[in-house]
Amino acid sequence: MTTITTRTVEYPADNLTMIGHLALPAGTGRRPAVLIGPEGVGLSDVERRRAEALAELGYVALAFDLHGGRYLADPEDMLARCMPLLSDPDRMRGIGHAALDVLRAEPRADPDRTAAVGYGTGGAIALELGRDGVDLRAIGTVNALTTGRPGEAARIRCPVWAGVGSEDPIMSPVQRDAFTAELEAAGVDWRLVVYGGALHAFHHPTVDHIVRPGVGYHPRHAERAWRDIVALLTECLPATE
């Protein structure tokens with residue numbers, strides 16, 4: 001296993017002090033960089049481990065915060081925070097830009113070679129960065145088939161990969177169709193993978209608190225989705241020249 005280093009980083013966003021998790025690969029040179037956005041509950045060890053896994057592959061990775069260091073285990077608390085956020089593209093972009101600025105300012109990160117990967121709310125933020133015209137090499141999302149303001153998808157400048165569970169009641173077939181129609185009309189290079197039998201947040205290991213109906217872990221598809229994200233990065237943002 002490659003030796004990596006990690007540290008927490010604090011930065012302001014959305015009138016909060018965010019606490020992200022930065023993972024650095026071995027060595028001293030600049031490396032491609034990946035922003036990782038968490039599910040609506042907030043930054044957890046799941047995203048921290050994914051940042052570390054990407055660092056082991058040679059990327060500088062920042063798992064960013066959504067809620068000022070809080071993890072919203074109560075579904076009602078999570079919805080009260082996330083629903084207004086998801087309906088406000090400018091707030092989502094503000095959170096994404098703040099984290100991206102931290103990542104690109106890291107001396108080990110190559111600011112001209114970055115990608116954004118996100119889950120749920122974090123994936124919606126990754127998409128909004130694309131719709132804001134940010135120079136990214138790739139956008140990868142799971143459980144985040146969100147549509148944006150009319151015409152703004154044309155500003156996405158990189159391939160978009162999206163994964164969703166076939167039985168996800170939140171990301172319904174109607175939502176899938178709206179998402180893909182938006183990207184197709186904008187001329188975006190997009191891919192959608194539907195994982196059969198999977199629910200919402202199928203990638204997230206089972207937690208010890210109450211979850212909403214329609215949410216559930218699918219370990220086989222979780223592993224497949226992770227491999228698909230790594231393949232996206234390998235194609236669009238290789239860790240080696």
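Visitor: Quick one to start: what's Phe202 here, buried or exposed?
Guide: Phe202 is buried, with a relative accessible area of 0%. Buried means under 20%, exposed over 50% and partly exposed in between, for a 1.4 Å probe and protein chains only.

Visitor: What kind of model is this?
Guide: This is a predicted model, in which local features need pLDDT of at least 70 and side-chain atom pairs pLDDT 80 or more, while totals for chains, interfaces and linings use all residues. Residues are numbered from 1 along each chain as its sequence is written, and side-chain values use heavy atoms, without hydrogens or water.

Visitor: Back to rings. How many aromatic pairs does a search of the whole structure find?
Guide: The search finds one aromatic pair. The partners are Tyr195 and Phe202, with ring centres 5.1 Å apart and planes at 45°, so the pair is tilted. Pairs need centres within 6.5 Å; planes under 30 degrees apart are stacked, over 60 edge-to-face, the rest tilted.

Visitor: And Tyr195, is that one buried or exposed?
Guide: Tyr195 counts as buried, at 4% relative accessibility. Phe202, its ring partner, has 0%.

Visitor: What happens just after H4?
Guide: Gly133 takes a positive phi there, of about 85°.

Visitor: What about Gly122, where is it found?
Guide: Gly122 is found in helix H4 and is buried, with a relative accessible area of 0%. Gly122 and Ala144 are 22 residues apart in sequence, yet their C-alpha atoms are 8.0 Å apart in space.

Visitor: Now the pockets. Which residues lie nearest the centre of the largest one?
Guide: Glu39, Gly40, Met78, Ile170 and His200 lie nearest the centre, out of 41 residues that line the largest pocket. On a 1 Å grid over protein atoms alone, a pocket is an open set of points where a 1.4 Å probe fits, with protein on both sides within 12 Å along at least five of seven lines; lining residues have an atom within 4 Å of a point.

Visitor: Which helices supply at least two residues of that lining?
Guide: Helix H2 (75-86), helix H3 (89-105) and H4 each do. The largest share, six residues, comes from H2.

Visitor: What lines the second largest pocket?
Guide: The lining is made of Val46, Arg49, Arg50, His203, Pro205, Tyr217, Pro219, Ala222, Glu223 and Trp226. Helix H1 (45-56) and helix H6 (219-236) each supply at least two residues of this lining.

Visitor: And which helix gives the most to it?
Guide: That's H6, with four residues of the lining of the second largest pocket.

Terms used
Rings of Phe, Tyr and Trp (its six-membered ring) pair if their centres lie within 6.5 Å; planes under 30 degrees apart count as stacked, over 60 as edge-to-face and the rest as tilted.
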